[in-house]
Amino acid sequence: MELTLWTYEGPPHVGAMRIASSMKDIHYVLHAPQGDTYADLLFTMIERRGQRPPVTYTTFQARDLGGDTAELVKKNIKEAVDRFRPKTLLVGESCTAELIQDQPGALAKGMGFDMPIVNLELPAYSKKENWGASETFYQLTRTLLKEKVSFSEKINPLRWKKLGRRPKINILGPSLLGFRCRDDVIEIQRILSEQGIDTNVVAPLGASPEDIERLIDAEVNICLYQEIAEASCEWLKRNFGMEYTKTIPIGIKNTIEFINEVHNKLDLPLTNKQELEHKSKLPWYSKSVDSNYLTGKRVFIFGDGTHAIAAAKIAKEELGFEVVGLGTYTREMARQVRATAKDLNLEALITNNYLEVEDAMKKAAPELVLGTQMERHSAKRLGIPCSVISTPMHVQDVPARYSPQMGWEGANVIFDDWVHPLMMGLEEHLIDMFKHDFEFVDGHQSHLGHTATNTKDFLKSDEKKEKNSKEGIIWTESGRAELTKVPFFVRGKVKTNTEKYAILRGILEISDETLYDAKAYFSKLNY
Amino acid sequence: MSKVDFNKETGPREVFCGLTSIVWLHRRMPDAFFLVVGSRTCAHLIQSAAGVMIFAEPRFGTAILEEKDLAGLADAHEELDRVVNDLIARRPEIKTLFLVGSCPSEVIKLDLATVAEKLNKRFFGQVRFVNYSGSGIETTFTQGEDGALKALIPLMESSNEEKLLLVGTLANNVEDRFKKIFRNLGISNIESFPPRQSTELPKIGKNTKVLLTQPYLSDTVRDLKHRGCEIISAPFPLGIEGSTKWFLAAARAFNISELKVHEIISPLINRSKLALESHKEILKGKKLFLLPESQLEISLARFLHNECEMDLIEVGTPYLNKDLMKEEINLLPDNTKIVEGQHVEKQLDRVRKSNPDLVVCGMGLANPLEAEGISTKWSIEMVFSPIHGIDQAADLAGLFSKPLRRNQILTSKTLVTH
């Protein structure tokens, strides 16, 4: 048993939902009790999806447990197939259903459907969300392609030359609730297309079962997120001989290395090597004199494996920061994160406990934190600026604008996102020059911590004015007490409105009733 | 009882489980901690429903069952003991610890009552332990509060003192307003359950008159009756009508004249009616479809029809306690279609077919319906906002008029440029 106050990853069936929701023409029947539908809101609220996840929950109850839950599963499978007519059906169970062992996958396979059925066994008591996503994508790929294994020769990455066409690749791993996947895919396709390389399939994001079946039309797989796609890439390599890339194109150096890796695998000459460095503004921005102050800034990094490793490399080699802490919650990538940390003379922090991360952050005394939304909160408590680099997803991590992490534009986004939370070089210099002037106000030191100061000022002034306002109006004890119950962010408005109302009506003492009278008055007026 | 049209439906549901109520219960009683004994799903559910992120160390958590707990390699009771010890060492300010059962803990039949009993002996005088189930196989959403309150009743001492007991979590400011009004009516001994501190439980007995503030407390009501409490039958204090009848019912139980009640609340009613007017203008004649979730649906339907003149297409409710809802149902217009339970797909078919102006639904369904051009209001907001009482009637109406108003602004012809 493990005490958990907050978790970086959901259960493995949420990972399966990420794959199902990312794709087209797929339906997932999940044997699960009432309440597990909460996971829908991750997609509809956080990702702002306009469609419900393609998931049917069997919704078994305590009274069903004595009876035949297997019949309930079959009924739901039949209804889901009739209604949604999926081209491939995923069948699985959440934590509770795993305990009652109805074997929904086997039940589905015995129902005589002619569509492929993927039986998902995702151990809820030992595995987590990313593992579940990876396993689902792997099982799906395997189910849809296994019949082609024996008929197909090993794929020669150079065959495009003989076929007389441009080389083709697949982009594997992007999914819903993955960090900036939507935009990374566009950026990577653009970069490869410029090099004369075509994208055969992007999966799971936007792919249909037919697309999975034609993965083998490509020469090489791009493993864009190891957490989700490595198992599938390995299987495709073992069974079809398809090579896959290992470099994650986040940051300038890794993007260039990635382009090199793809060219090497395809034996495609790289003709514009010299141009590549100028595709992004990051190298020049980092070199420009204002960035001098970035040198040696202490940075603490925590996130999923892919983004934490990439961030460490960019921080050290491309921005000249000093990495003072590195860790991940992705146990599956612990070995790689440890190796990266060792190169930086650090010991990696591998944990799913955010309080441990906060402690490590405190000890490392960084000037910048690169983490998840949870580290953003921790950093805020410690008064340290932070930029978010990794899942778990928050509605703010799905911006309206194009903002990839990968490739050239990704490097631009990263420069802005990591540097803006810091006090700018010139600004820091000027503040240092003027800080002894009498006009200088503490709260104006920078754009950091503004809100905190403002709130405090607001509350303080509130207390003073409450007692006696200049119009001679008095706040009675009941009025003041009522005012303190109003949420702080609207308290100022309520106070002004109530006083305005009191003046209007010639009321000299504001009681709680006056406050409500005013509330009703303005509520009417505001329409 | 008015002639409403009762229906039952079964099938796949889109409703939260009882664990979700921890989100408001832990805020109501800041000296209590809610420890769910469950899975990663439970932990993920609460953190997702609680607004995704935590700003401070939370007063709720999950003891996540692992493979070794299930395979019998570790004694689940000992493991839970260990987790509780760690927790109390870390949070010495905890006065009451709720052990909350979940779907997996119920299925493996983990005996939380026995665990609580043992822990009560060990931590006697320091921390009190109670247990209840918030599992989805037994409870929906707000029923979790019913379980938590029921679990506290055995800890409440007996007293024959006459008092008014308000039962059900209220926003603190609403609670204060209610108490003030009752004092003005001449009822001086008023307490709330749950209290603001878990250790300050009200004493109860045969002269305790219970006035419910929330409609989802069936089990709590039953146990309070067993303890001799009198249950005042009334609609729920949502909207002017419901609140007025609620105050009147309480006054009757304390032999206070109706005249006195009207004298006290008339000014409140008048100003509230004024404030309600602008919302009514927007809501009037609009078609409303309520999907089941918070269990407040019937009261909301009554308010939105009777006071805001909305047309009711269908009123969904996760379950229906006809006895508890009697007064509410009597106030509904004839032929109101009430559907208990859910088949979410069939219900959504009916939503689309009936072409509603506004749908009250859970967060999982809101954006998909909006994308189809149907305005929505999330039901979870009702349990987080101060909506009870006469003074809040306009705010309550505002929750429903706002999406319609917004829709009007965004689709207004002045914005169309092509």
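In the predicted model, N345(A) is exposed, with a relative accessible area of 75%. This residue sits in the loop that connects α16 (334-343) to β12 (349-350) of chain A. Although N345(A) is not a glycine, its phi is positive, at about 60 degrees. A counterpart in chain B is N335(B), a residue other than glycine with a positive phi near 70 degrees. N335(B) belongs to the loop between α13 (326-331) and β12 (337-341) of chain B, and its relative accessibility of 63% places it in the exposed class. Most residues other than glycine have a negative phi, and most peptide bonds are trans.

The bond from A203(A) to P204(A) is cis, with omega near 0 degrees, and P204(A) lies in the loop between β7 and α10 (209-213) of chain A. The bond from T391(A) to P392(A) is also cis, with omega near 5 degrees; P392(A) is located in the loop between β14 (386-388) and α19 of chain A.

Chain A contains 24 helices and 16 strands. Of its 527 residues, 58% are buried. Where contacts in chain A link residues at least 6 apart in sequence, 71% of them join residues at least 24 apart.

The largest nonpolar core comprises 219 residues, and I301(A), W418(A) and F182(B) have the most contacts inside it. Beyond its neighbours within four places in sequence, I301(A) touches A308(A), A311(A), A312(A), A315(A), V323(A), G325(A), L326(A), G327(A), L370(A) and I389(A). Another core, of 44 residues, lies apart from the largest one and includes V357(A), A379(A), L97(B) and A116(B).

Helix α9 of chain A (residues 181-194) has 14 residues, which at 1.5 Å a residue should span 20 Å; the end C-alpha atoms are 20 Å apart, in agreement with that value. Its buried residues are C181(A), D183(A), D184(A), V185(A), E187(A), I188(A), I191(A) and L192(A). An α-helix has 3.6 residues a turn, so residues three or four places apart point the same way. The buried residues of α9(A) pack against the strands β6 (168-172), β7 (198-203) and β8 (220-223) and the helices α12 (252-266) and α19 (407-419), in chain A. After α9(A) comes G196(A), with a positive phi near 85 degrees.

Within helix α7 of chain A (residues 129-145), T136(A) is buried, its relative accessible area being 0%. Leaving aside neighbours within four places in sequence, T136(A) contacts A16(A), I19(A), L90(A), L120(A) and L122(A).

With 3% relative accessibility, T41(B) counts as buried. Its contacts, apart from neighbours within four places in sequence, are P11(A), H13(A), D36(A), Y38(A) and C95(A). Helix α14 of chain B (residues 344-354) has V344(B), E345(B), Q347(B), L348(B), V351(B) and S354(B) buried. The cover over these residues includes α4 (69-84) of chain A, along with β1 (5-9), β10 (287-290), β11 (311-317), β13 (358-361) and α15 (363-371) of chain B. Just after α14(B), N355(B) adopts a positive phi of about 50 degrees.

Two packed helices are described by the angle between their axes and the distance between the axes. In chain B, helix α8 (residues 172-185) and helix α10 (residues 239-253) pack at about 45 degrees, with axes 11 Å apart; α8(B) and α10(B) are therefore oblique to each other. The crossing of α8(B) past α10(B) is right-handed. The residues that meet are F178(B), I181(B), F182(B) and L185(B) from α8(B) and W246(B), F247(B) and A250(B) from α10(B). F182(B) is also among the residues with the most contacts inside the largest nonpolar core.

From α7(B), D146(B), L149(B) and K150(B) meet S218(B), D219(B), T220(B) and D223(B) of α9(B). G147(B) also lies in α7(B), which covers residues 143-152, and is buried at a relative accessible area of 16%. Ten residues along the chain separate G147(B) from E157(B), and their C-alpha atoms are 19 Å apart.

Methods. Residues numbered from 1 in each chain as written. Chains lettered and ligands numbered in written order. Predicted model: local features only at pLDDT ≥ 70, side-chain atom pairs only at ≥ 80, totals over all residues. Heavy atoms only, no water. Core = buried A, V, L, I, M, F, W, Y, C linked by side-chain atoms within 4.5 Å. Buried < 20%, exposed > 50% of the residue type's maximum accessible area, 1.4 Å probe, protein only. Contact = heavy atoms within 4.5 Å. Helix = DSSP H or I, 4+ residues; strand = E, 2+ residues; numbered from the N terminus. Expected span 1.5 Å × (residues − 1). Axes fitted to C-alpha atoms, helices over the stretch in contact; angles between N-to-C directions. Parallel < 35°, antiparallel > 145°, perpendicular 65-115°, else oblique. Left-handed = near helix turned anticlockwise from the far one by under 90°.
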